[in-house]
Amino acid sequence: MQEVGRGDKVFDHAPVRGRLRVLDGPDDVLALMDTGAEGVIALVRDAGATFLAPVYHELAGVVCTAGTVRSHIGIVSREFQVPCIMAASFDAGEPADGAEVELDCSGEAGVLRVG
């Protein structure tokens, strides 16, 4: 697996694997509810994204490109024990929607890998 991004991990968690889904708003979450969010690692840009609420309990992980570990997404991730990285940046751009990824929050920083 190749590292493609890093961010501030919200809490320690073993690596998880899943399918990356870019979720920009409530319509994307509604569409995901039709197919299920099991095994999905959500990529969101808004650290206050409350629209994830209906699927949070199913998500394998969350990657947010903004905010801090004290942002709404970080707080909810800790509550649901869903691994999460905040303020994620990508070396060569965001991975493609649907890519198989690994989210690793077991080290000092949160790491996203593709492969």
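Author: Strand E1 (residues 2–9) pairs with E7 in the antiparallel sense, over five bridges. Pairing here requires at least two DSSP bridges between the two strands. Strands (E, at least two residues) and helices (H or I, at least four) are DSSP runs, numbered from the N terminus. Within this pair, Gly5 stands opposite Leu112 in E7.

E7 has another partner to look at. Strand E6 (residues 100–105) pairs with E7 over four bridges, again in the antiparallel sense. Here Val101 stands opposite Val114 in E7. E6 and E7 form a hairpin, with four residues between them.

How enclosed is strand E7? Four of its five residues (110–114) are buried, so E7 is largely enclosed by the rest of the structure. Buried means under 20% relative accessible area, exposed over 50%, and partly exposed in between, using a 1.4 Å probe and protein chains only.

A word on the basis. This is a predicted model: local features need pLDDT of at least 70, side-chain atom pairs count only at pLDDT 80 or more, and totals for chains, interfaces and linings use all residues. Residues are numbered from 1 along each chain as its sequence is written, and side-chain values use heavy atoms, with hydrogens and water left out.

Now the interior. A nonpolar core is a set of buried Ala, Val, Leu, Ile, Met, Phe, Trp, Tyr and Cys residues joined through side-chain atoms within 4.5 Å. The largest one has 23 residues, and Leu23, Val44, Leu52, Leu59, Val62 and Ile73 touch the most other members. H1, strand E3 (40–44), E4, H2 and strand E5 (84–90) each supply at least two residues of this core. E3 gives the largest share, three residues. Apart from this core lies another, of 16 residues, among them Val22, Leu43, Ala60 and Ala99.

Leu23 lies in the loop between strand E2 (13–22) and helix H1 (26–35). Its relative accessibility is 0%, so Leu23 counts as buried. Not counting residues up to four places away in sequence, Leu23 touches Asp28, Val29, Leu32, Ala42, Leu43, Val44, Phe51 and Leu52. Contact means heavy atoms within 4.5 Å.

Last, another loop residue. Ser71 lies between strand E4 (61–64) and helix H2 (72–80). At 14% relative accessibility, Ser71 counts as buried. Not counting residues up to four places away in sequence, Ser71 touches Ala47 and Met86. A polar atom of the Ser71 side chain lies 2.9 Å from the backbone nitrogen of Thr68.

Methods:
A polar contact is a pair of N or O atoms within 3.5 Å; within protein, one must be able to donate a hydrogen and the other to accept it, and residues adjacent in sequence count only if both atoms are side-chain atoms.
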